[in-house]
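Open the model in your viewer and keep the selection tool at hand. The stops below go residue by residue and helix by helix.

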Amino acid sequence: MTETPPAPTAPLRARAEIDLAALRANVRALRDRAPGAALMAVVKADAYGHGAVPCARAAVEAGATWLGTATPEEALALRAAGIPASVRVMCWLWTPGGPWRRAIEEDIDVSVSAMWALGEVVEAARAAGRPARVQLKADTGLGRNGCQPGPDWDELVGAALAAEAAGLLRVTGLWSHFACADEPGHPSIAAQLTVFRAMLAEAEGRGVRPEVRHIANSPATLTLPASHFDLVRTGVSVYGISPSPEIGTPADLGLRPVMTLSASLALVKQVPGGHGVSYGHHYVTPGRTTLGLVPLGYADGVPRHASGAGPVLVGGKWRTVAGRIAMDQFVVDLGGDEPQVGSRAVLFGPGDGGEPTAEDWAQAAGTIAYEIVTRIGSRVPRVHVNG
Ligand SMILES: *Cc1c(COP(=O)(O)O)cnc(C)c1O
């Protein structure tokens, strides 16, 4: 297919370039992994920091038929941006008093884990004069959101069936979420599948006819075909990031990281040996050297926990954050090299241009790559290319 060239970019302090061609290829690769299931692209949290609307559009172009968000506000924002009702949108994190009626009117599938939520959605459907699309969420072992098996599930399924008979809702889905899918072989995975099948059988035995049954997130989609059911809910893998190094690198999985975070060096200067660098002087130059100032900090989502450890490609070489990461800036020791002020410092990207990856930053900060991309702040412009 023809790719449009990257938009001409004015010199920016910093930018997160989002490669939508890579995102589309990732969606296609994931569809190939789960050929019997529909694909939901999870675009919560501004598409894990990548920009919800352009990423949602690109995912749909590549064959995603569902979009998933955590909050109803995120789901409504997709509709407000023009994502048509032919694309199913589901959201799953509700609190009392949430915008149920608007969600119903905007053809959003809503998740219900408890009787309080079923009560609110039924009332909203009555007010809206049309049935809600409700997906009942089972807690098959995650111990987070979802309805417990046993009497709680009995009660919720019974109440949903009664509301369906009254024309107030349609149970469009039965679903759950894994606790440890990123640790293939973890005994909880098989245990959760067993509980899920039992909870499905109970609901279906009582007359629930869901359009979709689903439990697989990215790691389950990539490692466990038995978990695919009718729909897979892929998030981090859509953005080209492996759910965990244990499962493989993005390249092993046929994925390509979508976000490249870079900045323009704001200053390059020579300093003597023994010079403290940044707050607290946790780095002291070992000898005469050059320092480069990178205009990104924890206000931009660069994790302060990666102080003294985060890798950055500058002038063709990996450098390490020298001393503390501050709110707006950090310093790298350039070891005597003198790249021009304004040259590009790449914190992470796909990795094939020699730059570090989000996974490298996750290791430096003691976290997961999910968090590294998602936390990049709103002060960093997203530049979408290959749209
Ligand atoms: C975030 C989320 C997903 C996507 O998980 P990934 O591991 O990023 O694929 C799927 N389902 C639910 C309920 C989620 O909250």
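Start with Cys91. Cys91 is buried, at 0% relative accessibility; buried means under 20% relative accessible area, exposed over 50%, and partly exposed in between, with a 1.4 Å probe and protein chains only.

Before going further, note what you are looking at. This is a predicted model, in which local features need pLDDT of at least 70, side-chain atom pairs count only at pLDDT 80 or more, and totals for chains, interfaces and linings use all residues. Residues are numbered from 1 along each chain as its sequence is written, and side-chain values use heavy atoms, with hydrogens and water left out.

**The cysteines**

Select Cys55 next. Cys55 is buried too, with a relative accessible area of 1%. A disulfide is a pair of cysteine sulfur atoms within 2.5 Å. By that rule the count is 0 disulfides.

Now go to helix pairs. Two packed helices are described by the angle between their axes and the distance between the axes. Helices here are DSSP runs of H or I with at least four residues, strands are runs of E with at least two, and both are numbered from the N terminus. Axes are lines fitted to C-alpha atoms, for helices over the stretch in contact, and angles run from 0 to 180 degrees between N-to-C directions.

Select residues 20–33, helix H1, and residues 52–61, helix H3. Their axes come within 8 Å and cross at roughly 45°. H1 and H3 are therefore oblique to each other. Angles under 35 degrees count as roughly parallel, over 145 as roughly antiparallel, 65 to 115 as roughly perpendicular, and the rest as oblique. The crossing of H1 and H3 is right-handed: a crossing is right-handed if the near helix is turned clockwise from the far one by less than a right angle, and left-handed if anticlockwise.

Show the side chains. On H1, the contact uses Leu20, Leu23, Arg24 and Val27; on H3, it uses Pro54, Cys55, Ala58, Ala59 and Glu61. Contact means heavy atoms within 4.5 Å. These residues divide into 7 nonpolar, no polar and 2 charged. Ala, Val, Leu, Ile, Met, Phe, Trp, Tyr, Cys and Pro count as nonpolar, Asp, Glu, Lys and Arg as charged, and the others, Gly among them, as polar.

**H7 and its partners**

Move to H6, residues 115–128, and H7. How far apart are the axes of H6 and H7? They are 10 Å apart, and the helices pack at an angle of about 10°. H6 and H7 are therefore roughly parallel to each other. H6 brings Met115, Leu118 and Val122 to the contact, and H7 brings Glu155, Leu156, Ala159, Ala160 and Ala163. By class, that makes 7 nonpolar, no polar and 1 charged.

Pick out Trp153, Asp154 and Val157 of H7, which meet Met199, Glu202 and Ala203 of H8. This contact has 4 nonpolar, no polar and 2 charged residues.

Stay on H7 for Leu161. Leu161 is buried, at 19% relative accessibility. Leaving aside neighbours within four places in sequence, Leu161 is in contact with Arg206, Gly207 and Val208. Arg206 is 45 residues from Leu161 along the chain, with the C-alpha atoms 8.4 Å apart.

**Two positive phi values**

Most residues other than glycine have a negative phi. Select Asp107, where phi is positive, near 60°. Asp107 sits in the loop between helix H5 (100–105) and strand E5 (108–112), and is partly exposed at 22%.

Then select Phe229, with a positive phi of about 45°. Its loop joins helix H9 (218–223) and strand E9 (231–234). Phe229 is partly exposed, at 21%.

**Last stop: Pro243**

Pro243 is in the loop between E9 and strand E10 (259–264). Is Pro243 buried or exposed? Pro243 is buried, with a relative accessible area of 6%. Not counting residues up to four places away in sequence, Pro243 touches Ser218, Pro219, Leu222, Val236, Leu253 and Tyr370.
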